[in-house]
Amino acid sequence: MTDAIVLLSGGIDSATALAMTLAAGRRCQALTFRYGQRHAVELEAAARVAKAQGVSGHRIIDVDLRAIGGSALTAEISVPKGRTDEEMGAGIPVTYVPARNTIFVAYAIAVAEVTGATEIVLGVNVLDSSGYPDCRPEWLSAMQEVARLGTKAGVERRGITMRAPLIKMSKAEIIHAGVKLGIDYGLTHSCYDPAPSGAACGACDSCQLRRRGFEAAEVPDPTRYA
């Protein structure tokens, strides 16, 4: 059986990528990061998703990206709310965390080398990525080369393969795929700035993309909004 490391944030995309990888017959280990993000709600969501889907293991690794800052998710910068489609489509938003996915994949490569996993699975998708540069196919190809050239496994031709099964799917298509696989999206969390109760704000870019995804998919939105 092929072993896969699945990056699991607790959101819709990573939960769906995990379910698709399990359905493909892979034995999955989930990998989540406590990176100094604004809240712990997504970590709790990741734990719920990992338990519900029955992964073989779930690691939570601490990485202090607050020491770098530069993002509304890791510094004292306000999370944008109520932006229009035009505003969300213009440039890279302040919620982008500098090099976050690159850092996460580097850790995932190390975990794969230690555990013998031959696949790393990410829930990135370019259509609903808010313009983040580390959700693009070009970036994924570059990280594949890093895994090939910069690891013992790669040098010994026991390569680690990067997979992003959602990369060209819309949020509605992702939700449709997840529903067919039996995912309970009520376990997931997407909001950048939740209330103290954990309820989603409903107005940040991520909440808007999530809400529109359920509307377009014609699937009831299980999100608890503040």
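**Figure 1. The largest cavity of the predicted model holds about 820 Å³ of space.** A cavity is a set of points, on a 1 Å grid over the protein atoms alone, where a 1.4 Å probe fits but cannot get out. Grid points are joined across faces, edges and corners, and a volume is the space filled by probe spheres set on the points. The lining comprises 36 residues, with Ser9, Gly11, Asp13, Arg100 and Tyr132 nearest the centre of the cavity; a lining residue has an atom within 4 Å of a point. Two or more lining residues come from each of α1 (12-23), β2, α4 and α8. Helices (H or I, at least four residues) and strands (E, at least two) are DSSP runs, numbered from the N terminus. By class, the lining of the largest cavity has 15 nonpolar, 14 polar and seven charged residues. Ala, Val, Leu, Ile, Met, Phe, Trp, Tyr, Cys and Pro count as nonpolar, Asp, Glu, Lys and Arg as charged, and the others, Gly among them, as polar. This is a predicted model, in which local features need pLDDT of at least 70 and side-chain atom pairs count only at pLDDT 80 or more, while totals for chains, interfaces and linings use all residues. Residues are numbered from 1 along each chain as its sequence is written, and side-chain values use heavy atoms, with hydrogens and water left out.

**Figure 2. The second largest cavity has a volume of about 30 Å³.** The structure holds two cavities of 30 Å³ or more. Ile5, Gln29, Ala30, Leu31, Arg59 and Val111 form the lining of the second largest cavity. Strand β2 contributes the most to this lining, with three residues. Four of the lining residues are nonpolar, one is polar and one is charged.

**Figure 3. Helix α4 covers residues 100-115.** The 16 residues of α4 should span 22 Å at 1.5 Å a residue, and the end C-alpha atoms are 22 Å apart, which agrees; the expected span is 1.5 Å times one less than the number of residues. Arg100, Asn101, Phe104, Val105, Ala108, Ile109, Val111 and Ala112 are the buried residues of α4, where buried means under 20% relative accessible area, exposed over 50% and partly exposed in between (1.4 Å probe, protein chains only). Seen down the axis of α4, these buried residues fall within an arc of 165 degrees, so they line one face of the helix. The arc is that of the directions from the helix axis to the C-beta atoms. An α-helix has 3.6 residues a turn, so residues three or four places apart point the same way. The cover over the buried residues of α4 includes β1 (3-7), β2 (27-34), β3 (57-62), β4 (119-121), α5 (137-149) and β5 (161-163). Gly116 follows α4 and has a positive phi, near 85 degrees.

**Figure 4. Asp3 lies in strand β1.** Asp3 has a relative accessible area of 14% and is therefore buried. Beyond its neighbours within four places in sequence, Asp3 is in contact (heavy atoms within 4.5 Å) with Arg27, Ala117, Thr118 and Glu119. From Asp3 to Arg100 the separation is 97 residues in sequence and 24 Å in space, C-alpha to C-alpha.

**Figure 5. Thr21 is placed in helix α1.** With a relative accessible area of 7%, Thr21 is buried. Ala4, Val6, Arg26, Cys28 and Val121 are in contact with Thr21, leaving aside its neighbours within four places in sequence.

**Figure 6. Helix α2 has 13 residues.** The distance from the first C-alpha of α2 to its last is 18 Å, close to the 18 Å expected at 1.5 Å a residue. Val41, Glu42, Leu43, Ala45, Ala46, Val49 and Ala50 are buried in α2, and what covers them includes α1, β2 and β3. Ala52, also in α2, counts as exposed at 55% relative accessibility. The C-alpha atoms of Ala52 and Leu187 are separated by 8.7 Å, although these residues are 135 residues apart along the chain. Just after α2, Gly54 has a positive phi of about 70 degrees.

**Figure 7. The largest pocket has a volume of about 210 Å³.** Its lining has 18 residues, and Arg48, Thr188, His189, Gly198 and Arg224 are the closest to its centre. A pocket is an open set of points with protein on both sides within 12 Å along at least five of seven lines. Helices α2 (41-53) and α8 (205-217) each supply at least two lining residues, and α2 gives the most, with three. The lining of the largest pocket has seven nonpolar, seven polar and four charged residues.
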